[in-house]
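Please open the model in your viewer and keep the sequence panel beside it. This tour goes from one selection to the next and says what is found at each stop.

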Amino acid sequence: AKKNGTAKITATARDGSKKKTTITVTVGTRVSSIKIKNKPQQLLVGKSFKIRTTVGPSKANNKSLIYSSSNTKVATVSKNGLVRAVGVPNGKTSGTATITVKSADGGAVKATLKVTVKQPVTKIEANQAMLYLDKNEAVEAGYSVAPSNANSKKVTFTSDNPGVATVSATGTINSIEYGTANITVASTDGS
């Protein structure tokens, strides 16, 4: 190639059939580097993020990128670089996928990003909807967390009326005064 640009090359059969084909050849500067700005990601199922990249050199003719996932049952990636956490392997609390970003100019330049997808808590259920306590009585909050393969089953407890009942970090409910208090059990995994 003598300079950057586009040329059409036509090949014609010499057997008298007049069959021919045309190939368009583009000569230019190829992408020589792709840098992913994101750090390795940890996502809950159903969450997403956009891959941010820097492509070099600035004079590259075709800076378009192609995205792919090593495990589409864990994470998918759109043609625009939007990664979506879709699931975890059966019975597991998390799964991983490697997102590969490569140049669309046909070169070998690529970059990768590890994505860990975690199973979130989808349900917290109290063992009893109502508790009746005397003043100065203590009882443990009974609850269950689902699904069984949730990555983190840690919870927090809060009382909406601590003048009536308090609740400790471990779920011990202490009645203080007669009245009504709602005790909330919430997941700490961000779901």
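**First stop: a side chain and its partners**

Select Asn 38 and Arg 52: the side chain of Asn 38 reaches the backbone nitrogen of Arg 52 at 2.7 Å, which is a polar contact (a pair of N or O atoms within 3.5 Å; within protein, one must be able to donate a hydrogen and the other to accept it, and residues adjacent in sequence count only if both atoms are side-chain atoms). This is a predicted model, in which local features need pLDDT of at least 70 and side-chain atom pairs count only at pLDDT 80 or more, while totals for chains, interfaces and linings use all residues. Residues are numbered from 1 along each chain as its sequence is written, and side-chain values use heavy atoms, with hydrogens and water left out.

Asn 38 itself is found in the loop between β3 (33–36) and β4 (41–44), where strands (E, at least two residues) are DSSP runs numbered from the N terminus. Is Asn 38 buried or exposed? Asn 38 counts as buried because its relative accessibility is 9%, and buried means under 20% relative accessible area, exposed over 50%, and partly exposed in between (1.4 Å probe, protein chains only). Not counting residues up to four places away in sequence, Asn 38 touches Phe 49, Lys 50, Ile 51, Arg 52 and Leu 113, contact being heavy atoms within 4.5 Å.

**Second stop: the mixed sheet**

Show β10 (residues 94–103) together with β7 (residues 65–69), which pair in the antiparallel sense over 5 bridges; two strands pair if DSSP finds at least two bridges between them. β10 also pairs in the antiparallel sense with β11 (residues 110–118), over 9 bridges, and these two strands form a hairpin with 6 residues between them, where Gly 106 in the turn has a positive phi of about 90°. Widen the view to the open sheet of 4 strands in the order β4-β11-β10-β7, in which the pairing is mixed. β4 and β7 stand at the edges, each with a single partner strand, so one side of each is left without a neighbour in the sheet.

Select Lys 79, which lies in the loop between β8 (75–77) and β9 (82–85) and is exposed, with a relative accessible area of 71%. Leaving aside neighbours within four places in sequence, Lys 79 is in contact with Leu 65 and Tyr 67. Next, colour the open sheet of 3 strands in the order β5-β9-β8, where the pairing is antiparallel. β8 and β9 pair over 3 bridges, and Thr 76 stands opposite Arg 84 in β9.

**Last stop: the largest pocket**

Which residues lie nearest the centre of the largest pocket? They are Ala 129, Met 130, Leu 131, Ala 181 and Ile 183, among the 28 residues of its lining. On a 1 Å grid over the protein atoms alone, a pocket is an open set of points where a 1.4 Å probe fits, with protein on both sides within 12 Å along at least five of seven lines, and lining residues have an atom within 4 Å of a point. The largest share of the lining, 3 residues, comes from β12.
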